[in-house]
Amino acid sequence: MPTPRRRRSVLPLTMSATALLVPLATACSGSASDGAAAGGQRLRVVMAFPPAQAMSPYGDDAVTLSRLAVVEGLTTLGRDGTAKPALAASWKRDSAKEWTFTLREATFHDGTKVDPAAVVRSLTAAGKASPKPRVLSDTGLTATARGADTVRIVTDEADPLLPQRLANPSLTILSAAAYTGGKADPAGHATGPFALAAVKGAVSATLERNDTYWGAKAKAPGVDVTFVADGTARANALRTEAVDVAEYVPISQASLLGDGLVHEFPSARTNGLSLNTGRGVFADPAMRAAAREAIDTKALVKAVYEGRADTAQGLLGPGVPWAADARTSPVGRTKAAGEAQVAKTKEIVLATYTNRPELPEVATVVQQQLSKRGFTVKQVVRDYAQLEADALAGKYDAFIQARNTLLDTADPVSYLASDFTCDGTFNISQLCDKRVDADVDKAAATTGTDARHAAAARAEADILGTDALVPLLHERFVQGYDDSRVQGVSLDPLERTLITADTRLG
């Protein structure tokens, strides 16, 4: 029987939270004075997601490195999702598949020069990585050096989004020394305003200012990072000033901390219930339809998110401004199985992760709603790093995740390709549908903005018609810092940035 939701206490830290903050305080306390002596104060940051792949740039750790201003690609994204210069000062499109990028003068953290050979090496390594980065799930690219400062990139198919694609953290450019033993190590080999100096497993990391950075130098001499999956512990660390910046403050703590410490803003993140179409109960589309009909998204927003979220509209929520006008009705939905038929099915395993503290509560409400429809549900709730491989391998019947639909290229077509096509590299639902693949391919090849949006909306309608994913809600981000003493924190709806060269105390 699911346990009822309980309000988290605002009293002193629980034992588990206290234990988590002991290494945090220890790690940060000694280095702050060192930073002050060097000019400026070091930042203390607590992040929600411990490294899952030892800071490999080819998985979700790449986003952490980007949010900490360690890694860079040829381009970056503006707040409107357009490509802006980064390690490439300029670029031009030579034909439908061919582009030329001109590099700026820059050096890696190890002192070597950013040159065409380094770019070719990094992009080639990303293309050969296993698993392949999600951003490359719908295309392939070949890079070759051209002269002293230019790189030619040829895509397998016409790709109007290549400049946005190259801004993805998984396509970061690293020095030659990063590639040893078949792995890519960004520590001391990237180009960002901060260099990754040390990583202590899944516990902490140390960043130092890159004094040879090609752009504006970081205003903080360094950053001491601690990884704490427990959201209440992160909130309490902010409340007690054990940290300066707390990533992803839990909704339950936001109103308790107050407006001066929490900063809420819209996101492109959709929380969804992925149903395993490849095996088990939900291989039957009628069972998937029954699960969809069981979900009450308004109850989730009210009970778990205390109104700080938007009810599900589709795969693409309010963080994708054009989606509501372009959206069409789901295509080809199967009639839902009746309650008697559902009751005859075997137990289903519903999994989610603790790194986003609302998700276990969401899982409990979803479990209750599915049980009311007749399903027998077992929960599995762990740290994300312990779940990802099994989720991608299709070992769960249902999986609740929070997914940024614009994270890969600032265009949802890449998300649709990686999550819902036969060859998608992040296809937790194990969906393989010819109509979906065809519409996603068509959207990827479309160039005009309005036409591309319409094509993406058609693909969304096809995917929703399969019930491979049941949209639950659209999140709003809550980041924590005291705005009276911390400046320059990036509130980025795309989730690419958090700490920047401009982030500082004072």
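Select helix α3 (residues 116-128): this helix lies across β5, β6 and β7, at about 165 degrees to β6. Contact here means heavy atoms within 4.5 Å, and angles run from 0 to 180 degrees between N-to-C directions, with axes fitted to C-alpha atoms, for helices over the stretch in contact. Helices (H or I, at least four residues) and strands (E, at least two) are DSSP runs, numbered from the N terminus. The model is predicted: local features need pLDDT of at least 70, side-chain atom pairs count only at pLDDT 80 or more, and totals for chains, interfaces and linings use all residues. Residues are numbered from 1 along each chain as its sequence is written, and side-chain values use heavy atoms, leaving out hydrogens and water.

Next, display the open sheet, whose 4 strands follow the order β4-β5-β7-β6 with antiparallel pairing; two strands pair if DSSP finds at least two bridges between them. β4 (88-93) and β6 (141-146) are the edge strands, each with a single partner, so one side of each has no neighbour in the sheet. β4 is joined to β5 (residues 98-103) by 5 bridges, and Arg93 stands opposite Trp99 in β5.

Then select Asp156, in the loop between β7 (150-155) and α4 (162-165). Leaving aside residues up to four places away in sequence, Asp156 touches Lys97, Thr139, Gly140 and Leu141.

Finally, move to α13 (residues 412-420) and α14 (residues 434-445), which pack at about 155 degrees with axes 9 Å apart. In α13, Val413, Leu416, Ala417 and Phe420 meet Val436, Asp437, Val440, Ala443 and Ala444 in α14.
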